[in-house]
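Have a look at the fold before reading on.

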Amino acid sequence: MTYLAAFPPVSARRLLEQMEQGRLSLSGGLASTEPVHGGFELVTEDGSRQFVEYLIDGRGVGYGVDELKRDLLTGPLMEQGLINPHPHGGLQIDRMTYEAIGKTGEVTRNFHILGDLTKGEFLATTDVGRCVAHSVRLADAIAR
Ligand SMILES: Cc1cc2nc3c(=O)[nH]c(=O)nc-3n(C[C@H](O)[C@H](O)[C@H](O)COP(=O)(O)OP(=O)(O)OC[C@H]3O[C@@H](n4cnc5c(N)ncnc54)[C@H](O)[C@@H]3O)c2cc1C
């Protein structure tokens with residue numbers, strides 16, 4: 001991944017070290033999280049429960065329609081039809097100008113979208129290098 005994106009090997013080494021020391025473990029199949037007294041309970045698909053004192057959601061920005069509707073910024077914009085979800089995640093944009101494409105299919109002029117929200121259009125956006133490259137192209141499009 002280091003060659004594809006700015007994922008530093010130093011982080012990978014640190015994570016590996018912690019796993020080898022038994023201080024970090026991975027588990028999948030998370031079904032839900034519930035606040036309980038003094039922390040949170042993680043419930044997995046097989047029904048098992050694990051208590052944690054602290055819980056950090058590090059998944060980043062959501063790409064799904066439900067997440068976009070829930071967000072205080074994108075939700076109202078979607079209701080007004082100024083932005084529209086992309087079938088592959090994120091929002092529909094004009095890939096030449098990065099302007100949003102609204103509900104009716106018309107470009108929302110001067111409303112530019114960058115970064116992870118353009119995942120559906122460009123597929124690989126989950127890395128800072130890609131986001132920077134797109135922002136350079138956007139600046140160029142605005143300057144023209
Ligand atoms: C766990 C994790 C690890 C990663 N590690 C790497 C890495 O090592 N190297 C790498 O290159 N990439 C990494 N990435 C990917 C990288 O972080 C993203 O591609 C990049 O941050 C996307 O930038 P963005 O500006 O599109 O979104 P974000 O960085 O998510 O910025 C969106 C901002 O909008 C704010 N926001 C949301 N809603 C509202 C609202 N209603 N009003 C105001 N503000 C709002 C959010 O708080 C956030 O600050 C990682 C991603 C994750 C989730």
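This is a predicted model: local features need pLDDT of at least 70, side-chain atom pairs count only at pLDDT 80 or more; totals for chains, interfaces and linings use all residues.

Leu123 sits in the loop between α4 (119–122) and α5 (128–143).

Leu123 also has a positive phi without being a glycine, and so does Asn110. Most residues other than glycine have a negative phi. Asn110 belongs to strand β5 (residues 107–112) and counts as exposed, because it has 9 C-beta neighbours inside 10 Å.

| Residue | Phi |
|---|---|
| Asn110 | about 65° |
| Leu123 | near 65° |

As for α1 itself (residues 9–20), its 12 residues reach 16 Å from first C-alpha to last, close to the 16 Å expected. The number of buried residues in α1 is 0, so the helix lies largely in the open.

Zooming out, the protein splits into domain 1 (9–52) and domain 2 (65–143), with 32 Å between their C-alpha centres.

The largest nonpolar core has 8 residues: Ile83, Leu91, Ile93, Tyr98, Ala100, Ile101, Ile113 and Leu117. Beyond its neighbours within four places in sequence, Tyr98 contacts Ile93, His112, Ile113, Leu114, Leu138 and Ala141.

Finally, the ligand: 17 residues surround it, the closest being Gly60, Leu73, Gly115, Asp127 and Val128. That shell comprises 8 nonpolar, 5 polar and 4 charged residues.

Key: Residues are numbered from 1 along each chain as its sequence is written. A residue is near a molecule or strand if its C-beta atom, placed from the backbone, lies within 6 Å of it. Ala, Val, Leu, Ile, Met, Phe, Trp, Tyr, Cys and Pro count as nonpolar, Asp, Glu, Lys and Arg as charged, and the others, Gly among them, as polar. Helices (H or I, at least four residues) and strands (E, at least two) are DSSP runs, numbered from the N terminus. The expected span of a helix is 1.5 Å times one less than its number of residues. A residue is buried if 20 or more other C-beta atoms lie within 10 Å of its own, exposed if 12 or fewer, and partly exposed in between; C-beta atoms are placed from the backbone. A nonpolar core is a set of buried Ala, Val, Leu, Ile, Met, Phe, Trp, Tyr and Cys residues joined through C-beta atoms within 7 Å. Two residues are in contact if their C-beta atoms, placed from the backbone, lie within 7 Å. Domain bounds come from an automatic or database domain assignment.
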